[in-house]
Amino acid sequence: MSSPETENAESAVAEAEGPKKLNLDVKVDAPSSCQRHVTVTVSREDIDRYFDVAIEDMVPNAAVPGFRKGNAPKKLVEKRFRAEVKDQVKGTLLMDSMTQATEEQSFSAISEPDFNYSAIELPEEGELTFEFDIEVRPEFDLPKWKGLKIEKPTKGFEKDDIDKHLKQVLGRYASLVPHEGAAETDDHLVCNLTFKHDGKKIEHAEEESIRLRDTLSFQDAKWEDFGKEMTGAKAGDKKTVTLTISDEAANEAMRGKEVEMEIEVLEVKRTELPEMDEAFLKQIGGFESEGDLRDYVKQDMERQLNYYQQQRLRQQITEELTKDADWELPPELLKRQAARELERAVMELRSAGFGEEDIQAHRNELRQNSMASTRKALKEHFILERIAEEENIEETQQDYDMEVMQIAMQRGESPRRIRAQLEKGGMMDVLRNQIIERKVIELIQGEATVTEVDADLQQSKTSAVNLLICGEGEAVPAAEEEAKDAE
């Protein structure tokens, strides 16, 4: 019989060594490069041990008829309360065994285990076997990333460039005034839009104000000849055109189908830019003079040039790194990550100083090609994340502060409010990935041979309407509504 001192010593050793490992038999199947099907068998010894611990925890407070509280024999407590602790034991045992099983494998999980908890029953005799599915980061040989040859677009800004961009900036504060004549490029058409499929109306929008540009974009379709067809339009004009729904639209039943859109012009409006007087300059940013505003505009252009440079450099780098990344990604993973990719892209555009009109056009473009763009972005992320791990690249609090500050300045809100919105919307991990990936791209660029070329910066030629023609989708639109609610 062991003494109290011996028991205390054994307890201290056990506590120092941590919880006793489970005796598990784990079998892992790989249906695809990013999926694992795991079958776990837990020994009877471990099941009984977990029951024993649960009952021991109950003994000091167990109320059993015929005994003072806490004085009932353990076997009697177990007989009376075993059924009550069964679900508790099941939950703890499953959590511990799944954690141990995944930690002992070579794969890196990127999702929570997917299994039917209620369908699992603890056996009264013999072993417990259960199964679960889990998404993992694909295993691959890291491509050579040092010594790449890439081109960096550069541009100097002259007076004419600044004049054009100044007009765009002033356009954010412009008034739209009625215009009696025919519509010209950059005028606004106030329209009613009606969409039909097989003669049945499926969507309608009233009094949409649409800038007359080359292309008109919706969330799940685009009209390439918008500018050509509608230049010269006047109030009262109507036109019916056929649009093809994107092959990756949220509504799967409508992918690739044709719909008719009737556009009715209610009014033509022309942009009237504000006068740059003292009151206006102070109102939009506390500028003392037009020269100060032009300096700000140049900085805005340089910020957008930097965004363009980073996108082009990233594109060249990731094209090289992912050219042999032929692993398949599960459709469900792509659907879930499509929303995150959209959020990341929008966050980058806002940080770079782009206006909401250009951001909406980019949103629609991503939605129309959500699976392809998400597949590409995920492959890039997996490779860049591997490089970050091998090179010990990590994010810092200062990185987060700088990102939040840039978004706050662009949107005219306090950094504290922006941070709260990001945290509430669950987007801090998106920000974290953005920081890490940019650091890795900078590292690769520093190891590359870089040739400077002239930047081809062009103003957007797409107008965007935030409208889903074929009804609510399951992935991107729903996720973005949650993000908007968070704001």
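Visitor: Which residues of α10 meet α13?
Guide: In this predicted model, His381, Leu384, Glu385, Ile387 and Ala388 are the ones on the α10 side. Across from them, α13 brings Arg432, Asn433, Ile436, Glu437, Val440, Ile441, Leu443 and Ile444.

Visitor: And what classes do the residues of that contact divide into?
Guide: The contact of α10 with α13 has eight nonpolar, two polar and three charged residues.

Visitor: At what angle do those two helices pack?
Guide: Helix α10 (residues 370–390) and helix α13 (residues 428–446) pack at about 70 degrees, and their axes are 9 Å apart. Angles from 65 to 115 degrees count as roughly perpendicular, so α10 and α13 are roughly perpendicular to each other.

Visitor: What about α7 and α13, how do they pack?
Guide: Helix α7 (residues 290–321) packs with α13 at an angle of about 80 degrees, with axes 10 Å apart. That makes α7 roughly perpendicular to α13.

Visitor: Switching to strands: in what order do they sit in the open sheet?
Guide: The order is β9-β8-β13, with mixed pairing. β9 (222–223) and β13 (462–464) are at the edges with a single partner strand each, so one side of each has no neighbour in the sheet.

Visitor: Which residue in β9 is the bridge partner of leucine 216?
Guide: That's tryptophan 223. Two bridges join β8 (residues 215–217) to β9, and these strands run antiparallel.

Visitor: Which helix packs on the sheet?
Guide: Helix α9 (residues 356–368) does, touching β8, β9 and β13.

Methods:
Residues numbered from 1 in each chain as written. Predicted model: local features only at pLDDT ≥ 70, side-chain atom pairs only at ≥ 80, totals over all residues. Heavy atoms only, no water. Axes fitted to C-alpha atoms, helices over the stretch in contact; angles between N-to-C directions. Helix = DSSP H or I, 4+ residues; strand = E, 2+ residues; numbered from the N terminus. Parallel < 35°, antiparallel > 145°, perpendicular 65-115°, else oblique. Contact = heavy atoms within 4.5 Å. Nonpolar A, V, L, I, M, F, W, Y, C, P; charged D, E, K, R; others polar. Pairing = 2+ DSSP bridges.
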